[in-house]
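Dear colleague,

Please find below the sequence and the structure for your own work. A short account of the findings follows the display.

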Number of protein chains: 2
Amino acid sequence: MKRKTTSDSAPASPVATRKTAQSAVTKEDVARAAGVSHITVSRVINTPDKVAPETRAKVQSFIASMGYIPNLLAGGLASKRTRIIAAIVPTISHSIFAETVRGLSEQLSAQGYQLLLGQSNYSEDAETALVEAFIGRRVDGLVLTGVQHTERTRQRLKTANIPVVETWDLTPEPIDMLAGFSNHGAGRAMGDYLQQRGYRRMAFVGGEDPRGQSRFSGMRDALLAHALEAPLYLTVPFGSFLSAGREAITMILEQHAEVDAVFFSNDVIAAGAVLECQRRHIQVPQRIALAGFANLDIAPEVHPALTTVQISSLQIGQTAAQMLLARLAGEGVDDPVCDLGFSVVPRASA
Amino acid sequence: MKRKTTSDSAPASPVATRKTAQSAVTKEDVARAAGVSHITVSRVINTPDKVAPETRAKVQSFIASMGYIPNLLAGGLASKRTRIIAAIVPTISHSIFAETVRGLSEQLSAQGYQLLLGQSNYSEDAETALVEAFIGRRVDGLVLTGVQHTERTRQRLKTANIPVVETWDLTPEPIDMLAGFSNHGAGRAMGDYLQQRGYRRMAFVGGEDPRGQSRFSGMRDALLAHALEAPLYLTVPFGSFLSAGREAITMILEQHAEVDAVFFSNDVIAAGAVLECQRRHIQVPQRIALAGFANLDIAPEVHPALTTVQISSLQIGQTAAQMLLARLAGEGVDDPVCDLGFSVVPRASA
DNA sequence: GTGAAAGCGCTAACAC
DNA sequence: GTGTTAGCGCTTTCAC
């Protein structure tokens, strides 16, 4: 009893099975056309040098002429490797994680992997949902932003048993691997810097993300160590960061006139504040010093240019990708924890 | 000959097949534990109300306790539906397409679909490669930016036979469906506006993307219609748009002193120009008028606030998603071509 | 260098 | 309401 010869009553069309929603051309079709077996087509695609040059050329020409596109769903199911790495960032539209994503994407695509991007909107529960969705798609590895995750996320990741890199912060107990920097340290460094520049009454403006909070607490520790008052802590909503910065600085100038320096969680928010000061003809840094975070494109462009903290956003992405790829290649990762550091960039605004 | 009883020589472990890289729990495992069949578990997940409440509860509790995550690869292969919609945008890090992506993502996830995002870097060949990769993953639908694509892209999409929405422009011959606006019209509208405000010698600054070029040619048509000279055409590299805007305006002021108004392809570039003028104490719009495009967050924040063109970025995403979902639900799409329009937003800069 | 057989984990169709 | 059977299109293993 041979398979599929259907030469009795079926119409002579390419054997439409159920729905014809997708490109109906399969490896089998190509194989039949080229007069080889199914598996030879597979080899031409995956391990071309294990096929006789002649056969290879013939098969390749049929692949091209028939417009054959391998079904990666089937391939992934059979091989248990999808060559997809997923990354979850709080937001993809705002620029702060853009370089990390670029670093990831470049390294991965160079090795034939694809990047699947998810956006958590700074919600741990959304992150958990994404993790489950990604595991369901059987991604080969996962990159997470931050080190704070729900217990369920950790659980899922544990049982899924795939390589994971946490990024953008440091922790003594990573889920698996880590590429980041110390947000607490960055906050402390900026606190030290501002203190040393002579500012005495400071404020911190940020979102409600845990990394921003670490920076705040680092700053606070620095100020307390110098016998200064703890900084004021203002949160801004996620959304339009520029106008959030404007509103925050307006509020500080009007209601906290004693504040002489502000550290913003993000250069875009800080830039909004600079623009507002400019509009009101408020001297920066004489009346009030303004500092940002991340050294984004906008930081050197505003007037006065923004003092900020340089972080290695791009390298975080590159390093995370390399760790993952090494693990997937079966190589050991020399150090599963990589601290990429940061540095204060002094400019005119503080 | 029953299947899989392996009670002879195998170790009593959960039958590790090949690699144990992924969560080994399968529907079969859950079914066995719950004392039901394989397919019942499937129904509990996909069509819970077709299962007796009692059975359902029991199965659900096992799903939870065993941490079962369905293999969507296998599901997609069997059902020929992945519930993934892919979208290709020129860039995800710059803010211009952010709202479109948000509109897509929100509409899709509300219907249980996931968005797979690709970045073409304004390259048609990169777009083609992404299209092939996405078809390989058997996405259920595709959203493209722009209406200009390689012949190969069109071919692949034709044979893949999946719903496609082109966006961000208009064309008389869409591949399938379309949600956009007229870039040529937007350029003409801005040209008309600037002419009507009394500017006489204009320049256009943009990237090399086809939509920017359409806006340029629309502007040119407007000026020529008013017997003005065609605008100067300057291109800037993709990358740091703010500094590109600074450089462009510097160049224009120094080498084309006769220019009295500039239309930038993007608010961020325009904002860079505004910042530069501010720094040099050049009066905007008295010495030179500056206008942007897209009405991004930054447009109202700079000083003077940017005159720009409002487009319906969010609605493009929403509309594209709805068209796709309607098609996938087997409903007809009333009008496969949707022109969402634009409008000039007059502010202080021009 | 090439092929046959088996099975990845799931859903569709049809029974019961 | 629940189960059985037969694939989805591919890769793996082992044979030739």
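A polar contact, as counted here, is a pair of N or O atoms within 3.5 Å; within protein, one must be able to donate a hydrogen and the other to accept it, and residues adjacent in sequence count only if both atoms are side-chain atoms. By that rule, 15 residue pairs are in polar contact between chain A and chain B, with both residues at pLDDT 80 or more. Please note that this is a predicted model.

Confidence

The average pLDDT of chain A is 91, and 93% of its residues score at least 70. Residues 1-22 of chain A are another matter: pLDDT stays under 50 there, and the model has twelve contacts beyond four places in sequence for this stretch. Where pLDDT is low, the predicted coordinates should not be read in detail.

The interface between the protein chains

Chain A contributes 54 residues to the contact and chain B contributes 55 residues. Together they bury about 5,100 Å², of which 54% is on carbon and sulfur atoms. Two salt bridges are found across this interface. One of the salt bridges joins E301(A) to R246(B), with the closest N and O atoms 2.4 Å apart.

On the side of chain A that touches chain B, at least two residues each come from α4 (72-79), α5 (98-110), β2 (114-119), α6 (124-136), α7 (151-160), α10 (241-255) and α11 (267-279) of chain A. The largest share of that side is six residues, supplied by α4(A). Sorted by class, the side of chain A that touches chain B has 25 nonpolar, 15 polar and 14 charged residues.

DNA strand C

There are 29 residues around DNA strand C, and those that come nearest are T40(A), R43(A), T55(A), S42(B) and Y68(B). Of the atoms of DNA strand C that come within 4 Å of the protein, 65% belong to sugar and phosphate.

For T55(A), the distance from a side-chain N or O atom to a phosphate oxygen is 2.5 Å; for Y68(B), the corresponding distance is 2.3 Å. The side chain of K80(A) has an N or O atom 3.1 Å from a sugar or linking oxygen of DNA strand C.

Two or more residues of the surface near DNA strand C are given by each of α2 (38-46) and α4 of chain A and α2 (38-46) and α4 (72-79) of chain B. Here α4(B) has the largest share, five residues. The classes on this surface are twelve nonpolar, eleven polar and six charged residues.

DNA strand D

DNA strand D is surrounded by 27 residues, the closest being S42(A), Y68(A), T40(B), R43(B) and T55(B). Sugar or phosphate accounts for 62% of the atoms of DNA strand D within 4 Å of the protein, and bases for the rest.

Several backbone atoms approach DNA strand D. At A74(A), a polar backbone atom lies 3.3 Å from a base nitrogen of DNA strand D. The elements giving two or more residues to the surface near DNA strand D are α2 and α4 of chain A together with α2 and α4 of chain B. By class, this surface has eleven nonpolar, eleven polar and five charged residues.

Salt bridges and backbone geometry

Over all chains, the search finds 28 salt bridges. One of these pairs R102(B) with E99(B), at 2.9 Å from N to O. Both residues lie in helix α5 (residues 98-110) of chain B, three residues apart, about one turn of the helix.

Which peptide bond in chain A is cis, with omega near 10°? The bond from V284(A) to P285(A) is, and P285(A) sits in the loop between α11 and β9 (289-291) of chain A. In chain B, the bond from V284(B) to P285(B) is also cis, with omega near 10°.

Two residues other than glycine have positive phi values. N295(A) has phi near 50° and lies in the loop between β9 and β10 (308-311) of chain A. R83(B) has phi near 60° and is placed in the loop between α4 and β1 (84-89) of chain B.

With kind regards

Technical notes: Residues numbered from 1 in each chain as written. Chains lettered and ligands numbered in written order. Heavy atoms only, no water. pLDDT = per-residue confidence, 0-100. Contact = heavy atoms within 4.5 Å. Buried area = accessible area lost by both parts, 1.4 Å probe. Salt bridge = Lys/Arg side-chain N within 4 Å of Asp/Glu carboxyl O. Helix = DSSP H or I, 4+ residues; strand = E, 2+ residues; numbered from the N terminus. Nonpolar A, V, L, I, M, F, W, Y, C, P; charged D, E, K, R; others polar. Near = heavy atom within 4 Å.
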